[in-house]
Amino acid sequence: MFAEFFETLAIENRPHVIGELAERFGVTLRTLRFWEEKGLIRPQRERDRARSYSAEDVARIAFVVDARRVGFSVDEIRDLLEARDRLGAEAFRTHFRTALLARRRALETEIAERHAQKDATARWLGLLADA
């Protein structure tokens with residue numbers, strides 16, 4: 001699964017530990033545990049209850065990190081990952097493109113709203129400076 005990410009990430013095909021991945025992706029241990037709790041990643045548990053992450057888990061984490069940077073919520077990412085698991089790589093590309101286009105439209109709306117807020121703030125500051 002997520003084979004398209006393997007080449008760009010240079011993921012070693014070996015078990016990975018949580019601290020290593022937290023450092024690699026710039027997230028906290030708590031964040032990785034939270035993503036596990038929400039079903040975004042599914043590491044294996046060793047006999048000592050330590051988490052062991054496969055190359056597929058690493059690719060999923062990379063996807064989650066990038067999706068968060070784009071602004072997708074944890075719930076949206078979970079839905080995307082479930083769709084990826086259900087649809088397969090090829091069908092998922094179309095699904096993901098649609099989700100990205102919707103996210104871009106939402107960002108454009110948010111940017112327009114922020115510009116309007118900035119302009120309103122500038123007007124008020126101008127009124128206060130004149131008083």
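The legends below describe an overview and several close-up views of one predicted model.

In this predicted model, local features need pLDDT of at least 70 and side-chain atom pairs count only at pLDDT 80 or more, while totals for chains, interfaces and linings use all residues. Residues are numbered from 1 along each chain as its sequence is written, and side-chain values use heavy atoms, with hydrogens and water left out.

**Figure 1. Overview of the protein chain.** The chain holds six helices and two strands, where helices (H or I, at least four residues) and strands (E, at least two) are DSSP runs numbered from the N terminus. Along the sequence these elements follow the pattern α-α-α-β-β-α-α-α. The radius of gyration, taken over C-alpha atoms, is 20 Å, well over the 14 Å that the globule rule gives for 131 residues, so the chain is more spread out than a compact globule; that rule is 2.2 Å times the number of residues to the power 0.38. Along the principal axes, the C-alpha atoms fill a box of roughly 70 × 35 × 25 Å.

**Figure 2. The largest nonpolar core.** A nonpolar core is a set of buried Ala, Val, Leu, Ile, Met, Phe, Trp, Tyr and Cys residues joined through side-chain atoms within 4.5 Å, and buried means under 20% relative accessible area, exposed over 50% and partly exposed in between (1.4 Å probe, protein chains only). The largest such core has 28 residues, and those with the most contacts inside it are Phe-25, Leu-32, Trp-35, Ile-61 and Ile-77. Helix 2 (18-25), helix 3 (29-37), helix 4 (55-70), helix 5 (74-87) and helix 6 (89-130) each supply at least two of its residues, and the largest share, nine residues, comes from helix 4. Leaving aside neighbours within four places in sequence, Ile-77 is in contact (heavy atoms within 4.5 Å) with Leu-40, Phe-63, Val-64, Ala-67, Arg-68 and Phe-72.

**Figure 3. Three residues of helix 6: His-95, Arg-97 and Arg-103****.** His-95 is partly exposed, with a relative accessible area of 35%, and, not counting residues up to four places away in sequence, His-95 touches Leu-80, Ala-83 and Leu-87. Arg-97, at 56% relative accessibility, counts as exposed. Not counting residues up to four places away in sequence, Arg-103 touches Val-70, Gly-71 and Phe-72.

**Figure 4. A salt bridge between Arg-42 and Asp-85****.** The side chains of Arg-42 and Asp-85 meet at 3.5 Å, N to O. Arg-42 lies in the loop between helix 3 and strand 1 (44-45) and Asp-85 in helix 5, so the pair ties together parts that are 43 residues apart in sequence. Arg-42 counts as partly exposed at 45% relative accessibility, and Asp-85 is partly exposed as well, at 32%.

Figure 5. Arg-69 is exposed, with a relative accessible area of 64%, whereas Asp-66 is partly exposed, at 40%.

Notes. Salt bridge = Lys/Arg side-chain N within 4 Å of Asp/Glu carboxyl O.
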